[in-house]
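Reader: I am new to this structure. Please walk me through its pockets, its cavity and its packed helices.

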Amino acid sequence: MIYNKKDAAAAKILIVDDVEINRMVLEEIIRNMGCEPLLAEGGQQALDLALECLPKLILSDISMPGMDGFELCKSLKSNVKTKEIPVIFISAFDEAEDIVKGLKLGGEDYITKPFITEVVQARVAVHLHLYAVKHELMETNRKLQISVDAQLRQMEEEKKNILYALANIAAKNSGFEQGHMQRLRRNCRILAQAMQLSPKFEDQISDAYIDTIEVSACLCDIGNIGIPKELLRRESDFTQEETEILHSHTDLGAQLLSDLYVNRDYNDFLRISIDISHYHHENWDGTGYPEGRKGEQIPVAAQIVSIMEAYCILTGEKKYSREDALKMMEKDAGTKFNPDIYQLCCRISRQFC
C-alpha cells in the first residue's frame, strides 16, 4: 500500500477539470483511496465549493475556460479560509515555466496527464500526510499556547496576591481603617465609569482601563512597606528629614512594582499600578511630589486615586459626611485635584460607598 489509510480516510478532495473524462478518472482513483471526491468543472465553481466544503486537498487543471488553475490558486491563497489547503496542479504539459509559475502562486505539486494511478495516489498520499501532520502540529501549538496563557495568568494572579498582601501590611502600618482599601477600589471604579461617559475623558477611559484601575488602586501606598511604622502613625511634627522619608514611599512603591514589570502584563495592571504608586501625591498645580508634575502631566489613574483617597479618608477615618467631605475638598479643586474630576465627584457622590 503506497498511502496511509488513516490520512486518506474520509478526506474530501476537490477535483477541478473542464474535461469530464479527466474528472471521472481522478474520481475513481481518489474514491479507491478511501477519500471523498468533490467535482468541479471550472475555477469559479471550484472556488465556491472550496469555501463551502473546505477540502483537505485540491487537484486542479491549469488550462480551463474562464478562471484557469493559476487564477484559482491565487484566489484560494488570498482567502484566510482556504489559504492552507494544498493545491496540486494537473496538466497535459510539463513545461518548466508552468511548474515554476504554479509553485510561486502557492501550489504544492504538479501531476501530468495521462494519469498513472500509482503516481496520483503517491502524490495525493504525500500531501494528505503533510496536511495531517501540519494540522496536528498547529493543534499541538494551539493547546500549548492555551497552556502557556493559563500559566501566565496564574503567575499574574499569584503576583497580584503577593502585592495585595504587601499593600495590606502597608495599610495596617499606616493606620488605615479596615475596609479602607476596598472602599478606595470601589470608588475609583465608580469615578472612572463616570469619566468614561464624559466628553473630557471618554477617549482615555476604556472598559479594560476601568477594570484595571479597580484592581490597581489599592497599591497606591504599597511603598509604605519600607517606611518606619512610627512615622506613618504620627500625624504632625515631622522634621525635614522625616518628611523626605515619608515622601519616599512613592519612589519605593514604584520601584517595587517596576522590578516585577518584566513583560507586558494582562490589562496593563503593573504599568497603571506604577503610575498610581509614583504620582498619586502630585498636585494639579505642580506643588506635589515626587516630581512636581502638574496638570495633564499627571497620569489620569493617579489623578483618580488622589481624589478618591482623600474622599475615603475624610468619610472613613475622619467620619465626615459625604457633603462635608466634598465641601472640604472644594478648596483643593484646581490646586491639588483636577477641577473637572472634582466636579464629576460632586455629581455622582451618592454612588460612592
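Author: One term comes before the rest: a pocket is an open set of grid points with protein on both sides within 12 Å along at least five of seven lines. Keep in mind that this is a predicted model.

Reader: How much space lies in the largest pocket, and which residues are closest to its centre?

Author: The space in the largest pocket is about 940 Å³. Its lining has 30 residues. The closest to the centre are Phe176, Leu232, His281, Ile313 and Glu317.

Reader: Which element gives the largest share of the lining of the largest pocket?

Author: Helices α9 (229–233), α10 (240–247), α13 (300–315) and α14 (322–330) each supply at least two lining residues. By class, the lining has twelve nonpolar, eight polar and ten charged residues. The largest share is five residues, and the element that gives it is α13.

Reader: What is the volume of the second largest pocket, and which elements give two or more residues to its lining?

Author: The volume of the second largest pocket is about 170 Å³. Its lining includes Asn168, Lys172, Phe176, His180 and Gln182. The elements that give two or more residues are α6 (117–174) and α7 (180–196).

Reader: How are α7 and α8 oriented to each other?

Author: Two packed helices are described by the angle between their axes and the distance between the axes. Helix α8 covers residues 207–216, and its axis lies 8 Å from that of α7, at an angle of about 160°. Angles over 145 degrees count as roughly antiparallel. So α7 and α8 are roughly antiparallel.

Reader: Which residues of α8 meet α7?

Author: The crossing of α7 and α8 is right-handed. On the α7 side, the contact has Arg185, Cys188, Arg189, Ala192, Gln193 and Gln196. By class, this contact has five nonpolar, two polar and five charged residues. The α8 residues are Asp207, Ile210, Asp211, Ile213, Glu214 and Val215.

Reader: How are α7 and α15 oriented to each other?

Author: Helix α15 spans residues 339–348. The axes of α7 and α15 are 10 Å apart, at an angle of about 110°. Angles from 65 to 115 degrees count as roughly perpendicular. Therefore α7 and α15 are roughly perpendicular.

Reader: Which classes of residue make the contact of α7 with α15?

Author: From α7 come Ile190, Leu191, Ala194 and Met195. From α15 come Ile341, Leu344, Cys345 and Ile348. No polar and no charged residues take part; the eight residues are nonpolar.

Reader: How are α3 and α4 oriented to each other?

Author: Helix α3 covers residues 43–53, and helix α4 covers residues 69–77. Their axes come within 9 Å and cross at roughly 25°. Angles under 35 degrees count as roughly parallel. So α3 and α4 are roughly parallel.

Reader: What is the volume of the largest cavity, and which element gives the largest share of its lining?

Author: The count comes to one cavity of 30 Å³ or more. The volume of the largest cavity is about 70 Å³. Its lining includes Tyr279, Trp284, Ser306, Phe337 and Ile341. The largest share, four residues, comes from α13.

Definitions and conventions: Residues are numbered from 1 along each chain as its sequence is written. This is a predicted model: local features need pLDDT of at least 70, side-chain atom pairs count only at pLDDT 80 or more; totals for chains, interfaces and linings use all residues. Side-chain values use heavy atoms; hydrogens and water are left out. On a 1 Å grid over the protein atoms alone, a cavity is a set of points where a 1.4 Å probe fits but cannot get out, and a pocket is an open set with protein on both sides within 12 Å along at least five of seven lines; lining residues have an atom within 4 Å of a point. Grid points are joined across faces, edges and corners, and a volume is the space filled by probe spheres set on the points. Ala, Val, Leu, Ile, Met, Phe, Trp, Tyr, Cys and Pro count as nonpolar, Asp, Glu, Lys and Arg as charged, and the others, Gly among them, as polar. Axes are lines fitted to C-alpha atoms, for helices over the stretch in contact, and angles run from 0 to 180 degrees between N-to-C directions. A crossing is left-handed if the near helix is turned anticlockwise from the far one by less than a right angle, and right-handed if clockwise. Contact means heavy atoms within 4.5 Å.
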